[in-house]
Each structure stands twice: as C-alpha cells, then as structure tokens.
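Dear colleague,

I am passing on the structure that we discussed, and my notes on it follow below. Please read them with the coordinates open beside you.

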Amino acid sequence: MRVPNSVVLPVGTHVDCCQEQEVAEKTHDIMARITAMLVERKSNLAHFIDNLEGSEEPKFYVDQCERLKKMESCTLTILNLVAVNCTDHRDIKKLGATILEHVKNEELFPEVIRVLPPVYRQVEAAIVDIAQSEEMADHGMMDLQYLLSKLSQHEHLASLGRELLQDILRYLHRIGLVVWYEEIKHLESTVFLQPTFLITMFKLLVRYHLVQQLENIS
C-alpha cells in the first residue's frame, strides 16, 4: 500500500481442503474484504490529513501531512484472486502462467517495454555471480560502497559510478533480484543480495499467535 502503482495478485491456497462451492464463496468473501479494506484505508488517510490540516498549529505537521498525501496518491491495483491446490503441479503451472500473463500486460506494467542500457544487464549478471560465490555470507548483506568496489573489478564495469549503480539497484529492487531500502536511513548503505534471507527472517519473527507465545514466556 506504500508503493506507487502497486499490482497485487491474491492467491488462495489449500483448495484441496474445500468443496467447489466453498472455493467460490471464499474467493468472493476475500475480494469483498480487500475492497472494504481499501475503502477504509482511503477514508482513514483523508481523516488523518483533515485532522492535521485543521489543527491549531498545522505548520508543525507539514512533514506528516506530506507523507500521508503521498500514501493517499499511491494507486493499488488488485487482480482477481487465483485459487490453487499446492499439491497439484498443474495448479502451480497455472499460477505461473497467470502471473506471466499479467506481467506482460503493458497497462499494468509499463516497465515491460522499457529498453535498458547494456550496463544494467552487465551489473545484474555480476551481482548474481557475487551472490552465488562461496565467499558470500548466507545472509547476503553487503555494504553499498563495497559492492561498488567489487563490481568495479570487472573490466567492463571499471568506470561504474555510485550514482549509476544506485539507479540500477532501484531497478533490480523493483524486479525483486535484490532488496535495497534506500529510504530507510539505517539501511540505505546496505544491499540485500539474497532477498530470500529476509523472507526466512520475517517468517521467524512475524507469525500467527506470536504475541501469545511471547506472553507465555515467564
């Protein structure tokens, strides 16, 4: 919801545990809940903005107000839910085909038709090599400046500058090859070359009944 022009494809799993009628009902219910959630979000943001602008000292809340307005302007496209049986390889292939079909839709993803300079592909290939090398730690975290120095060791990337690398990292972040939180001060100099590490970490930290589990610790 914070990413401009996001496209979300909801996926319903465990179809094999449901009757056909149940799948249709649950699909309808989930899509209705998502629609209601987006309406509520829009209403809440408008309410927060009105409160800040109508406060006695609105000048103190300019930054907050601008952030909220930026969030309010983020468009979010929700595609139709795809229901799959994860134990059936045919359903997995169907999901892959659906994703590919949406990604090729130029209205949803204008970037699909963008022609990238050769250096983008060269940096991408070099980063993949670095991420897969034996010297790379499992967490895949690397200092931005160190990554630049490693890339500059490649003959065809010797003149690669920090600014160009940052542009390329933004692109690689968008396509999911790396994760780079440039907008977070404490993380702006760190590049995650193994995004799956973050997924594993979040799965350990953020899980169902987490609060309950923590409260049960004496």
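Helix 1 (residues 20-53) makes the greatest contribution to the lining of the second largest pocket, giving 4 residues; helices here are DSSP runs of H or I with at least four residues, strands are runs of E with at least two, and both are numbered from the N terminus. This is a predicted model, in which local features need pLDDT of at least 70 and side-chain atom pairs count only at pLDDT 80 or more, while totals for chains, interfaces and linings use all residues. Residues are numbered from 1 along each chain as its sequence is written, and side-chain values use heavy atoms, with hydrogens and water left out.

To stay with the pocket, its volume is about 170 Å³, and the residues that line it are Gly12, Thr13, Val15, Cys18, Val23, Lys26, Thr27, Ile30, Leu81 and Ala83. A pocket is defined on a 1 Å grid over the protein atoms alone, as an open set of points where a 1.4 Å probe fits, with protein on both sides within 12 Å along at least five of seven lines, and lining residues have an atom within 4 Å of a point. Grid points are joined across faces, edges and corners, and the volume is the space filled by probe spheres set on the points. By class the lining holds 6 nonpolar, 3 polar and 1 charged residues, where Ala, Val, Leu, Ile, Met, Phe, Trp, Tyr, Cys and Pro count as nonpolar, Asp, Glu, Lys and Arg as charged, and the others, Gly among them, as polar.

His14 is found in the loop between strand 2 (11-12) and helix 1, and its phi is near 60°, a positive value in a residue other than glycine. His14 counts as exposed because its relative accessibility is 52% (buried means under 20% relative accessible area, exposed over 50%, and partly exposed in between, with a 1.4 Å probe and protein chains only).

Ile49 also belongs to helix 1 and is buried, since its relative accessibility is 5%. Leaving aside residues up to four places away in sequence, Ile49 touches Cys65, Leu68, Lys69 and Glu72, a contact being heavy atoms within 4.5 Å.

As for the overall division, the protein consists of domain 1 (7-104) and domain 2 (118-201), with bounds that come from an automatic or database domain assignment. The centres of the two domains, taken over C-alpha atoms, are 29 Å apart.

The structure holds 2 aromatic pairs. Tyr120 lies in helix 4 and Tyr171 in helix 6 (residues 162-174), so the pair ties together parts that are 51 residues apart in sequence. Both Tyr120 and Tyr171 are buried.

Tyr181 and Phe192 form an aromatic pair that is likewise edge-to-face, with 6.2 Å centre to centre and 70° between the planes. Tyr181 counts as partly exposed because its relative accessibility is 23%, whereas Phe192 is buried, with a relative accessible area of 5%.

Glu124, in helix 4 (residues 118-132), is buried at 14% relative accessible area, and its contacts beyond four places in sequence are Tyr171, Leu172 and Leu177.

With best wishes

Note on methods
Rings of Phe, Tyr and Trp (its six-membered ring) pair if their centres lie within 6.5 Å; planes under 30 degrees apart count as stacked, over 60 as edge-to-face and the rest as tilted.
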